[in-house]
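Here are my notes on the model, point by point. Please read them with the structure open.

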Amino acid sequence: MAKDKRPKVPPATVVAPLPPPPWPPFKPALPVIDLILEPVVPDKVVILRSLFPRSLCRDYVSHLRDLPLTTTPGKPKRGLALRVNDRYQIDDPKFANRLWTETGLKDAILDSTMNHLWGGEVIGLNSNIRVYRYSPGQFFDAHYDDSNNVTIPTESGSQMPAKTTWTLLLYLTSISEGCVGGETVFYPHDRRSVKEEIAVSPETGMLLLHKHGDDCMLHEGREVMAGEKWILRTDLCVRR
Ligand SMILES: O=C(O)CCC(=O)C(=O)O
Ligand SMILES: [Fe+2]
């Protein structure tokens, strides 16, 4: 089989398990509005506005600042996308489950008319939670996101085999907090082309979902010009 040379996101770094951070409670109770999935690119990119209200985003950012964020190295290994941002990563199945069940996301996804898009029976979110902070000059170069095999804990304590099918990015800041730039840009034809680009500007509290794996669109996190772009990232998981 031909080797896939598309630039990929570097695999998760193996680190000694640390206790998860004390994520702020979801206050006020979520969701604050009727959550509606809005297509941006048919079958590939969807947004969900106001998953978190602005006050909760503010609360999250002020807590996330205290986390031990590390700056990604400037020069990636061959085949991996260049990204320059500060990030934190934790395996936290409990928080992934809270994000899934206590925000209205599960209902919005499972009740949607878009059920055929998710790539199987959706069972929850990837427990690999990533926090990104982009300061001015930082960006995430064009790449594709891979699908990964993971497990999701069930209520009985067993582990259910799952695979990730869509990337979830929750924007915690935007132009309203002074973040200039930082759009997530998609390229429909596997090449960076200004004419073809579809740019999603961060909106505070908005969740962006995009299909990944074999059908992933080439995409990038554009350079932040002022302020800070904060994101929470996880993935949608289906049964495998
Ligand atoms: O920061 C962004 O807008 C894009 C992030 C991204 O592409 C990723 O996490 O794989
Ligand atoms: Fe990505």
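1. The radius of gyration is taken over C-alpha atoms, and the globule rule is 2.2 Å times the number of residues to the power 0.38. For 240 residues, a compact globule would come near 18 Å; the protein has 17 Å, which agrees. Along the principal axes, its C-alpha atoms fill a box of roughly 45 × 45 × 40 Å.

2. Some bookkeeping. This is a predicted model: local features need pLDDT of at least 70, side-chain atom pairs count only at pLDDT 80 or more, and totals for chains, interfaces and linings use all residues. Residues are numbered from 1 along each chain as its sequence is written, while chains are lettered from A and ligands numbered from 1 in the order in which they are written.

3. Secondary structure comes to three helices and 17 strands. Both are DSSP runs numbered from the N terminus: helices are H or I with at least four residues, strands are E with at least two.

4. Burial and contacts. A residue is buried if 20 or more other C-beta atoms lie within 10 Å of its own, exposed if 12 or fewer, and partly exposed in between; C-beta atoms are placed from the backbone. Buried residues make up 35% of the 240. Two residues are in contact if their C-beta atoms, placed from the backbone, lie within 7 Å. Of the contacts with a separation of 6 or more, 81% join residues 24 or more positions apart.

5. Which strands form the open sheet of five, and in what order? The order is β4-β8-β15-β12-β13, with antiparallel pairing. Two strands pair if DSSP finds at least two bridges between them. β4 (83-84) and β13 stand at the edges with a single partner strand each, so one side of each has no neighbour in the sheet.

6. Look at β12 (residues 184-187). Three bridges join β12 to β13 (residues 198-200), and four join β12 to β15. T184 has V200 as its bridge partner in β13. V185 stands opposite A199 in β13 and opposite E220 in β15.

7. Is E220 buried or exposed? E220, in strand β15, is buried, because 21 other C-beta atoms lie within 10 Å. Beyond its neighbours within four places in sequence, E220 is in contact with F140, D141, A142 and V185. G137 is 83 residues from E220 along the chain, and their C-alpha atoms are separated by 14 Å.

8. Helix α1 (residues 54-64) has four names to check: L56, C57, Y60 and L64 are its buried residues. They cover an arc of only 100° around the axis, which puts them on the same side of α1. That arc is of the directions from the helix axis to the C-beta atoms. The cover over these residues includes β7 (128-134) and β17.

9. Ligand 1 is surrounded by 11 residues, the closest being F140, D145, T184, G221 and R233. A residue is near a molecule if its C-beta atom, placed from the backbone, lies within 6 Å of it. β10 (159-171), β15 (218-221) and β17 (229-239) each supply at least two residues of this shell.
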